[in-house]
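Please take this protein one region at a time, with the sequence beside you. The paragraphs below go from one group of helices to the cores, and then to the strands.

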Amino acid sequence: VWRLGDASAGAYQPDPGSLTTASQLLPPEREAARTEIVETDITVLDLENIYVPVPYQPVEVLGPLRDDLVWSTEGGFLTSFGSVTGSDGDTVSIRQGAEYRVRAARPTPTADELDAVVFDPDDVERYTRLPREFPRLAEEAEAVYEEAGAESTVERALALQEWFVGDDRFTYDLEVPALRGADALTDFVLEDRVGYCEYFASAMAVMLRETGIPARVAVGFLPGREVGEAEGDLTEYVVATTDAHAWVEVLFPGYGWVTFEPTPRSDESHLLPRVDNLAPTQTERERRLEEALAGEGGDASTPVEELEPEIEVPEGDGLDAVDPEDAAAGATADDTAGGLVTGLIGLVVAVAVGLFVLGAVRRRATAVAEPRRRVVHARDALLSSAAALGAARRRHETTPEVLARWDAAGRTGEARSLGGVLQAAAFGGDVSEDDATRAEVGVTVAIEELRRSATWRERLLAPGRRLLARWR
């Protein structure tokens, strides 16, 4: 069983120094030199859990929910802080109907950058620990590296990933028994070779650790299924139980935890890093369809759903609901669902975007890397939030004029200084990286000031106004 914390510590208790209340900007779990800003609005359709699904790494959470949450830089997860009671009497962080926005800085390193990384001996020692040796798995991993000619850490991780997902060497299947016994993991890798995500993630992480590469198992959700366009640059997805998943992350100092995918999912709903793109945003299904269309001379802008054949989606990925008490103690899988019973008790788990949960969330996400687009996106978020809080821009007002009006009314003191850069971005002017970052931070502060200065009635009406704006 993979878990957070020391194996000898009993129930997992986070270090208070690793916790930050979500009502403020969140420090990174690990510093990452290259990132891409992602904004996600999440509406919970049917889910109760103490862990909150968020894109990784979250920088800020917006919405009333955040006052009851804490972010842990040990393990990288967002969870309950206040006493919010679920239907079964247990403390939960989120429930049906919850809405929140997350700004995240998604790590996007290149292979060349990772090749030059110098590893911290303390990190290597911590994240290569195993409760016992797995010599046959270590031998197999070294053979994979040698055959692929892989020398650097990133080359070895990609080679091992390809060994699991390529050449039909392994079979993805949900109808397999739980791993049992001291040799079960070794038997899976070298003989049986049939399993689901927990099997593959656990196996690859152990093989990496056995060969001196700092690795962990992360659990959460796949991107889900695109269902249409939302306002602005946003795209809407539905993330469901079938998207619950486990994968592998390797620690590269200065660039953070980098994702690798060892599971050969039959529905192609996973994200598969490659040497030329270590942080893909397209699922394998989307990538395959786009390539097929391009090969036929089609229009690459055609929505994927118009091209996609019917694909049978499995009932789940072998992940069962986690009991909140077990989750708090670090038990991240249900034995009846064939959890990570591999004899690996006491290792580290990364709760990247939530735990094994039943339910669904809807997310609307966009990656806006170009500075001008980032500022336009921030401006749209500000105006949308202001409208919901009873401070909508009037038809005749320019952006600087509405900012000045809010300032004069005592609604916000930060927004007025943003007028120049927001206006420049709206009309296609030059916007630097520094301008974009300043605008994003300023808009975040301004939205919070608008919320705090709103009357209780305006805050009460805000969710309804947002829903009405979406319907329109």
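In this predicted model, the buried residues of helix H12 (residues 419-426) pack against H10, helix H11 (399-408) and helix H13 (433-453). Those buried residues are Gly-419, Val-421, Leu-422 and Ala-425. Here buried means under 20% relative accessible area, while exposed means over 50% and partly exposed lies in between, using a 1.4 Å probe and protein chains only. Helices (H or I, at least four residues) and strands (E, at least two) are DSSP runs, numbered from the N terminus. The model is a prediction, in which local features need pLDDT of at least 70 and side-chain atom pairs count only at pLDDT 80 or more, whereas totals for chains, interfaces and linings use all residues. Residues are numbered from 1 along each chain as its sequence is written, and side-chain values use heavy atoms, with hydrogens and water left out.

One of the partners of H12 is H10. Helix H10 covers residues 371-388, 18 residues in total. From its first C-alpha to its last, H10 reaches 26 Å, close to the 26 Å expected at 1.5 Å a residue; the expected span is 1.5 Å times one less than the number of residues. Because 13 of its 18 residues are buried, H10 is largely enclosed by the rest of the structure. Just after H10 comes Gly-390, with a positive phi of about 80°.

Now consider the protein chain as a whole. It has 14 helices and 15 strands. Of its 472 residues, 53% count as buried. Contact means heavy atoms within 4.5 Å. Among contacts between residues at least 6 apart in sequence, 73% join residues at least 24 apart.

In soluble globular proteins, nonpolar side chains tend to be buried together. A nonpolar core is a set of buried Ala, Val, Leu, Ile, Met, Phe, Trp, Tyr and Cys residues joined through side-chain atoms within 4.5 Å. Which residues of the largest nonpolar core touch the most other members? Of its 48 residues, they are Leu-160, Phe-164, Phe-188, Leu-208, Phe-252 and Phe-260. The elements that each supply at least two residues of this core include helix H3 (135-148), helix H4 (153-165), helix H6 (197-210) and strand E12 (244-252). H6 gives the most, with 10 residues. Apart from this core lies another, of 26 residues, among them Leu-383, Trp-406, Ala-425 and Ala-446.

Phe-260 can be followed in more detail. Leaving out residues up to four places away in sequence, Phe-260 touches residues including Val-154, Leu-158, Met-204, Trp-247 and Pro-273.

How do the helices meet? H3 and H4 pack at an angle of about 105°, with their axes 9 Å apart. Axes are lines fitted to C-alpha atoms, for helices over the stretch in contact, and angles run from 0 to 180 degrees between N-to-C directions. H3 is therefore roughly perpendicular to H4; angles of 65 to 115 degrees count as roughly perpendicular, under 35 as roughly parallel, over 145 as roughly antiparallel and the rest as oblique. Among the residues that make the contact are Glu-140 and Tyr-145 of H3, and Leu-160 and Trp-163 of H4. H3 also packs against H6, at about 85° and with the axes 8 Å apart, so H3 is roughly perpendicular to H6. In this second contact, residues of H3 including Pro-135 and Tyr-145 meet residues of H6 including Val-206 and Leu-208.

The strands come next. Strand E6 (residues 99-107) is largely enclosed by the rest of the structure, because 8 of its 9 residues are buried. Two strands pair if DSSP finds at least two bridges between them. Strand E2 (residues 35-46) pairs with E6 in the antiparallel sense over 9 bridges, and Ile-42 stands opposite Tyr-100 in E6. Strand E3 (residues 58-62) also runs antiparallel to E6, joined by 4 bridges, with Leu-62 opposite Arg-101.

Another set of 3 strands forms an open sheet in the order E1-E4-E5, with antiparallel pairing. Strand E1 (19-21) and strand E5 (77-80) stand at the edges, each with a single partner strand, so one side of each has no neighbour in the sheet. E1 is joined to strand E4 (residues 69-72) by 3 bridges, and Thr-21 stands opposite Val-70.

Finally, the loop between E5 and E6 holds Arg-95. Arg-95 is partly exposed, with a relative accessible area of 33%. Arg-95 and Asp-46 are 49 residues apart in sequence, and their C-alpha atoms are 7.0 Å apart in space.
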